[in-house]
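Subject: Handing over a structure, with notes

Dear colleague,

Please find below the structure that I promised to pass on to you.

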Amino acid sequence: MAEVVLSKDGELSVEGSITFNNVVAVVERGIALFNHDDLVIDLTRVVEVDSSAVSLLLEWQREAGRRHHRMCFANMPQNLRGLTQLYGVSELILQA
């Protein structure tokens with residue numbers, strides 16, 4: 001199960017696995033923490049992903065846009081980067 005953590009400096013991080021089994025809960029937990037105009041989401045501690053993780057990134061970006069926040073993802077794991085390229089959305093995912 002993945003956890004979404006808000007640090008003292010306002011950076012969000014995701015820890016654990018993002019899969020079909022938990023993606024809805026992870027999306028909701030992340031959105032609940034969107035309280036800054038500039039959001040940086042650190043993905044360093046993501047250990048496992050499937051294609052649902054790509055939908056999570058896109059949904060978080062859409063929600064940030066609806067709230068007029070800027071968002072980017074930092075330290076995207078290679079396997080997740082590969083999935084964004086496979087599905088042709090890598091240009092849509094803003095990375096730090």
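Before we come to the helices, please note that axes are lines fitted to C-alpha atoms, for helices over the stretch in contact, and that angles run from 0 to 180 degrees between N-to-C directions. Helices (H or I, at least four residues) and strands (E, at least two) are DSSP runs, numbered from the N terminus. The model is a predicted one, in which local features need pLDDT of at least 70 and side-chain atom pairs count only at pLDDT 80 or more, while totals for chains, interfaces and linings use all residues. Residues are numbered from 1 along each chain as its sequence is written, and side-chain values use heavy atoms, with hydrogens and water left out.

The axes of helix 1 (residues 23–32) and helix 2 (residues 52–66) come within 10 Å and cross at roughly 25°. Helix 1 is therefore roughly parallel to helix 2, a term used for angles under 35 degrees. In contact, which means heavy atoms within 4.5 Å, Val23, Val26, Val27, Gly30 and Ile31 of helix 1 meet Ser52, Leu56, Glu59, Trp60 and Glu63 of helix 2. Sorted by class, this contact has six nonpolar, two polar and two charged residues, where Ala, Val, Leu, Ile, Met, Phe, Trp, Tyr, Cys and Pro count as nonpolar, Asp, Glu, Lys and Arg as charged, and the others, Gly among them, as polar.

Is Ile31 buried or exposed? Ile31 counts as buried because its relative accessibility is 16%, and buried means under 20% relative accessible area (1.4 Å probe, protein chains only). Leaving aside neighbours within four places in sequence, Ile31 is in contact with Glu59, Trp60, Glu63 and Arg67. The C-alpha atoms of Ile31 and Glu59 are separated by 9.3 Å, although these residues lie 28 residues apart along the chain.

Four strands form an open sheet in the order 1-2-3-4, with mixed pairing; two strands pair if DSSP finds at least two bridges between them. Its edge strands, each pairing on one side only, are strand 1 (3–6) and strand 4 (70–74). Strand 1 and strand 2 pair in the antiparallel sense over four bridges, and Val5 has Ser13 in strand 2 as its bridge partner. Strand 2 (residues 12–18) also pairs with strand 3 (residues 38–49), here in the parallel sense over six bridges, and Ser13 stands opposite Asp42 in strand 3.

Definitions and conventions:
Parallel < 35°, antiparallel > 145°, perpendicular 65-115°, else oblique. Buried < 20%, exposed > 50% of the residue type's maximum accessible area, 1.4 Å probe, protein only.
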